[in-house]
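Here are a few notes to read alongside the structure. Keep the viewer open and find each spot as you go.

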Amino acid sequence: MSAPAAAPAEAPARPVQVKLVLLGESAVGKSSVVLRFCQNDFQANKEPTIGAAFLTQRCRLEDKVIKFEIWDTAGQERFRSLSPMYYRNAQAAVVVYDVTKSASLEQAKTWVKELQRQANPNIVIALAGNKVDLVRPSSDSDEPSTPTSATSDDDEADDATATPEDDAAEGGDEEGAVAASESRRQVSREEAEEYAKECGLLFFETSAKTGEGVVEVFTEIAKKIPLDHILASTRGPGGAAGRGAGRGGPAAGGASVNLNEEESAKKDACAC
Amino acid sequence: MSSTLRRQQNKSYYVEPTKEDLFRLAFALPEGEEALGEVHAVLTLQGKQEAFSGKLYLSTSFLTFTSLDRRSCRLTLPLATVRRVEKLAPGQDGTIAGAFALSLTLFHGLRIVVQLNSLRPTNDAFCANLRTRLKASLPMMKALKPFSHTFFSEWYLSPDRELDGEAAAAKKQQDEKVGELISFDDEKGKGKEEEQREFTTEGDTGHGYHGGLGLIFKFPGDPRKLREKSKMKLWKEYLEQHGRNLTLIRYPSFTRLVLVGLPNRLRGEMWELTCGSMFLRLHNPGVYARLLKENAGRRSASTDDIEKDLHRSLPEYAAYQDKVGIDTMRRVLTAYSWSNPALGYCQAMNLITASFLIYMSEEQCFWCLTVLCDRLLPGYYSPSMYGTVLDQRVFEHLVQRCLPSIHDHFAEADVQLSVASLPWFLSLYISSLPMVFAFRIIDCFFLMGPKVLFQVGLAILKVNGPELLQTTDDGAFINVLKRYFATLGESAHPNSSDSRTRQITKFQELFVVAFREFAIITDETIASERKRFRAEVVISIETFAKRSAIRNLKDTGRLDKAQLGLAYDHFQLASLRSKEQARRPSAADALSPKPPNSTGASPRTPSSASFGGGSGPKDEEKVEERIDRKAFGRFLGDIASWARDEKLVKNGFHEHIDRQPVDHELVDRIFVYWDQSLSGALSFQDIVTGLDAVLFNDLMSNLAWLFNVHDSNHDGYLTKDEVLQVSESLLFIFRNEPGDRYLGSVSNLIQNLFEYAESTKPEENPPRSPSLGRSPDPSTGRPRANSIVSDNPHRPYLALATFRMCILADPLLEDFFESDLTNSWRLEVLIAEEKPKQPGAGGAVGGWWGGIVNAVMTDENKERLNRLADEVGKRLDIQTIEHRPSIGKLDAAAAAIEPQARDSLFSTSNRPPKQPASPEIPNPLSAAAMRMPAYPPTSNPWADASSSGSSSPNLGRHEIDVQAAASQALHRQQFVIDDVAEGDDEDYAGGEGDAELMNQVERMLVEDEAVTGKAAQSGQDLLKQDGQSLL
Ligand SMILES: Nc1nc2c(ncn2[C@@H]2O[C@H](COP(=O)(O)OP(=O)(O)O)[C@@H](O)[C@H]2O)c(=O)[nH]1
Ligand SMILES: [Mg+2]
C-alpha cells in the first residue's frame, strides 16, 4: 500500500534488490510460502521444483521499494550439494520446517549451520515453522478455502496473520480444541524459538494455507537487512550509510525480533 | 588425501566402460549380450533401391547393423524375429557375382539382403555363429507373437483394423484380456476421446496394445496443430516398408520423421524402440509385475519421497488430478526404486515418469526409465547426482567454446549458467518448456542420445544471445529464458514479408540451430569432455560431502580439524570398500538375465553400507551414511595396528606388505560399544565419539576403556566370562608380538584376575546403582540360591579397581596401557603398498622383475602386480610370509629373554587355580596360543625396526619406510591424475591458444562433414515439412 504519510516526497524510490533463498526439507511448504507471498494464493498441488524456481516480488518498506529476488530450492537431500549455487550472494534466507515433523527442524538446523559457515557473512536468516494451520484450533483450519479477496490483498494478508497469532498468544481459553489439534504438532514453538534466539535468527510460525505469518517473514527480513548499504554498494552513494551499517553489522545479528513489537510496523509492510 | 581413497571414490562414481559395454550401448542391447563376430556388409531392403555399406554384428541374441556413417541406416534385430535365412546364389537379387550374400526373412514378412564383404574365413565363421545363435533363439520365437500384440503399430497395420465396426468390436472383446497392465477403463476413454476420432479410429483402447494415459485423458497439444493425421499417414507408409517395432530398420527418412515430432499414439512405442528398452521388456517378461508384487506394502526413504511428489508432477495434466494417474505413477516409481535401491528416487524422475506415462504403459515406462537412469544418463539421479554435476560442467565448457561472448559476459556479470540449465538436463526440459515442445526434444534425445540435451541447450543460449548479453544477474538471466520458453510456439519472424518465413515458429528455429549449428557436438565430444572434468567433479562433490559431514557433527570431541578429516576419510574408505564388495557378487551373476538394473546393487542385497540404517523407514531419521560391522572391521584395521594382520610377503622378486583386517570378538565389542543408537551400524558421529575415547587416553583411561568395552551391561563389573574375554582380547592384541613375554604377562594376569576377583567379588545382590543399563543383566533381577550364583557366569564378578590393580602389577602391561595402546591408534593414511624396492632382494630374478615393476607399475595395477608376483613366487617356491607385530615394543633380543614363558602357560602350576573346576569354560588360551608365531630371533624381519626407535616404539624404521612409500606414491599419483586430465585430451583442446582451439574445431567439422551436411539437410527438410507439406 502507500507509504506512511510522514514519508518525504524526495525519494524517487529506486528499488533495492534483495536476493533471498528458501531452504528446507522437501514438502515443508517452501514453494507454497513463496506463492502466498507473491500471489497471495494457495494451491494444494502445484508445479514441482527442480533445482530451484525463481520469482520476484516488489514491496514497499517505509520510504524504500524492495525488489525481492526469491530462489525457491528443491528440498530433496540429494540436491543439497547443488544449493550453494542458489544461496551464493544471497542477502537473506528463509529456512523452513514443518511444525508437524520434528525431523524437518533438525534438517533446518543443518541448513542454518551451513549458511552461517558458507554463505555471505552478513546474511539475514529467518526460521519459519510452516503449516501451523494444522495445529491450530479447528476454527482456523476448518475454513473452507484460503482467504482471498479481490479488494485488497495486503490487508487481507495482514489480518490473516494477526488474528490467529493473537489466539496463540493468549491461548488457554479453548483448551480442548487446542489440545486436539496441537497433538499433530511435533515441534513446540518454544523449542524452535529458543533455538532461533541462540543462533540469532528471526523466527516465525507460518501457514502458507491461511497466510498467517508469511508477510511478516519478509517484512522483518527487509527491516533487518542493511538496505542503505546495499543501495550504496549497487550504485552510487545512498543516504544514511551509518544507519545501514548499524543495522546490518554483525552485532545486530544477535538480536532476535520481538514479535510483540511488530504490530505498528505491519501497517507499513510490503505494499506488494 | 590417500590415493587409495581417491581411487575408491572415483570407482564409486564411474567405472570405465569395457569394449563390450560400448558395443551394447551403441546398439541399445540388454546387459549380458556378448559380441560374437562382425563382418563388413552391404544391406539392402527388398523393394528398395538404396544399399548401405557398413558392418554387421552378431551378439548372443541380436543381429545388428550400422552403415559406415553410423546414422543413415541402423538395425537392431532380435534373432527370434528371423524366420528364414537363405544363402543366395551369386548374382541373385542384385548381389555381385561371386559375392557371399544372405537373405533374411523377418517376422513381419520383410526381407533383407546382406552381402558379406569380409574375407572368406571371416564370413564363414560369422555364418556358422549365426546359425548356432539362431537355433538358440528358437524358444524365444514363441513369445514373439503375444509380445507383438503389445505394440500399437502392430494393431495399426493389422488387417483387423480395416474390418467394419461390429467385427472389430467382437475382436476387441476377445483381445481385452491382454492389456492387464494397462490400467485404464473404457468408459472414460470413450468420453474423453471424441475430439480425436480421426486417430483413434475404433475409438477405444481395448485392443491389447500398450498405451499411455493419453488414450484416456487426451494427449497434450492440439492434434490439428500437431498434424497428427498426416504424420500417422507418413508413419504407416514407413512402417509398411521398413518393418515395425522389433524388426524396424532405420533409414534416413526415419530420422526425419522423428525430427518433425512423433505422433502421439506411436510415441511411446518409438521411444522404447529408439532407447532400446523394448528389448529389456522382451527379455524380462513379468519382472515389472513381480517387483510390484514382491515389494507390495514395503516402505523406504524412496517411497516416502515419491509419495511427497506424486501430487506435484504435471498436476495440470488431467490424469494426475485423478487416482488412476497417480496410482500408475506411484507403481512405476516405486518399482524402479526397488529395482535399483542404490539410486532409489530422485526428484525430476517424477516429471519424467509422469511424461512417459502419457504415451506408454506402466511396464513400458518402467523399462524406459531403467534405460534412462542406468544407461543414457548414468549418475544423474544417484544420491550424489554426480552425472548431473558433471554434465553441467561439460555444458559450461561447451558454452565457453561455442559461444565465447556469452560465456565471457556471464563470467563478468557473475551469472551462473546452471541456475537455468540444471533443470533442463535433469528433467529432459520438461520442467522448463511447454510439454509439447519438451516431448519433441525427448523424441530426438532417445534417437540420438544425450548430446541432444547439449545441442538444444546451446541453441537456446545462441538464439537468445543478444538479450542474454544484457543480463546482469542470475535472476535476469532466468527471466529472459522464461519469456522465451513461453513464446516458443510463436513465429520466429513475425515481421517477415514472406508468409512462409512467418510461419516458422521459434521452436522450429531452435531445432534448426540445435541440429545444424551444433552438429559439431558429437557423442565423442561429450565423452571426451566428460572425461576431462570427471576427476575435478568427484573432488568437488567429495569435498562438499566431507565438509558437511564434519560440520554436522554434534560433538567433535577433542579431535582437531585434521583428525576429523582423516577420520572421515577412513570412514568413507571403509564404506566404499564394503559397497564395492557388495557389488561384486551381483556383477558375477549378471549373465542370468534377471535383475533389471545394471549398475546398482541387486534388489534383494542392499549394500552393506546402507543408508538410514536400512531397517525400514523411520520417519524422523535423516538419511545418513553408516557403516555396518563388516565395514567397521576394515575401518578398525586401517586405524588400529592390532586390528589388522600385516604380512611381509617376499616372493623372490620384491617385498610388499599385505594388510588384512582381522576379525575378533574384540572388534565386535568395540563396534557395539561405539554404536550409541543401537542401530547396528555406526554413523560418522559414532566414529568420532568412539575415537575421542581412545586417541587421547592415559593409563587410567585406557584401563577403564578396555574394561568398559567388555562390560556389556554397563554395571561396572565384568562377569567371569567377560574376564576371560578381556584376557582373550589382550592376547589378540599381542598375537603378532615376537617372543613369549606378552603371553607370559597375560597368563599371569588371568591368574591374578581370578584370584583377586574371588576375594573382592560383590555380594550376591550387587549394588545396582552403577548400572547404566542399556540392557539390564538378566541375572541381577532374579533372586537365586547361593550355590547357583557362584557358578553363574553372568554374575557380576570383577570390578574396575581390581582389574586396574592386576594390570598395574605387571610392568609390561602397565606400559602397554600407559602409551602403547594409545599409540596403536593412528589416523595417518596407510598405504598398503610395497616396501621401497630393496636392491637385490630377490637376487638375479629381482633384476628383471624390478624392471617390470618400474615399467608397468601404476597405482591402478599395484594390487594385481603384487598378486602376480606372489603367484609366481609360490610356483618358484621362493615366497615367504612374515607377520609384522602390532605393538612392536619388544625387539627380538628382549623377546628371547623368557623363551620358556610359553611352556609355562600350559604347566599346571601356572593355571588359574579355580578355573579347571568349571569345564564349561573353554580355555581361551589354547586357540590363541596356537596362533602365536614364534619367530627365531634372527629371522624376524621386524626386529631391527624396534631396536632403533626406543622413544616412539611404534614408529620403527620400517614404519618410516612405509610413510616414505606413501608420500612417494602420493606424488606419483598426482602425476598420474595430471596425465589423465591433460594428456589424453591433447588432440581435442589441450593446446593453448585460441587459434589452436579453432583449428581443432575446424578439423572436427571436416571430419564430421557428412554428418553436419546431413543434419543441416534434415533441418531444412524439417522446416519444409513442418512448415508446408504437412500443413
Ligand atoms: N496445511 C498446510 N499445507 C501446506 C502448507 N504449506 C504447504 N502445504 C502443503 O504441503 C505440500 C508441500 O508443499 P510445497 O510448497 O510443494 O513444499 P516444498 O517442497 O517445500 O516446496 C503441498 O501439498 C502443500 O499443499 C501450509 O501452510 N498448511
Ligand atoms: Mg518446492
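1. Start with B:Leu314, which counts as buried because its relative accessibility is 3%, and the cut-off for buried is under 20%. Keep in mind that this is a predicted model. You'll find B:Leu314 in the loop that runs between helix H15 (301-310) and helix H16 (323-339) of chain B. Its phi is near 45°, a positive value in a residue that isn't glycine.

2. Now hop over to B:His714, in the loop between helix H33 (699-710) and strand S13 (717-718) of chain B. Phi is positive here too, near 55°, and again the residue is something other than glycine. Is B:His714 buried or exposed? With a relative accessible area of 17%, B:His714 is buried.

3. Next, the ligand. Ligand 1 has 20 residues around it, and the closest are A:Lys30, A:Ser32, A:Asp133, A:Ala208 and B:Arg312. The site is shared between chains, because residues from both A and B surround ligand 1. Helix H1 (residues 30-39) of chain A gives the most to this shell, with three residues.

4. What sort of residues make up the shell around ligand 1? By class, there are six nonpolar, seven polar and seven charged ones.

5. Zoom in on the oxygen atoms of the ligand. A polar backbone atom of A:Lys30 sits 2.7 Å from an oxygen of ligand 1. For A:Ser31, a polar side-chain atom is 2.8 Å from a ligand 1 oxygen. From chain B, a polar side-chain atom of B:Arg312 is 2.7 Å from an oxygen of ligand 1. On its own, ligand 1 has 570 Å² of accessible area, and the protein covers 87% of that.

Definitions and conventions
Residues numbered from 1 in each chain as written. Chains lettered and ligands numbered in written order. Predicted model: local features only at pLDDT ≥ 70, side-chain atom pairs only at ≥ 80, totals over all residues. Heavy atoms only, no water. Near = heavy atom within 4 Å. Polar contact = N/O pair within 3.5 Å; in protein donor to acceptor, adjacent residues only side chain to side chain. Areas by Shrake-Rupley, 256 points an atom, 1.4 Å probe, with all protein chains shown as cover. Helix = DSSP H or I, 4+ residues; strand = E, 2+ residues; numbered from the N terminus. Nonpolar A, V, L, I, M, F, W, Y, C, P; charged D, E, K, R; others polar. Buried < 20%, exposed > 50% of the residue type's maximum accessible area, 1.4 Å probe, protein only.
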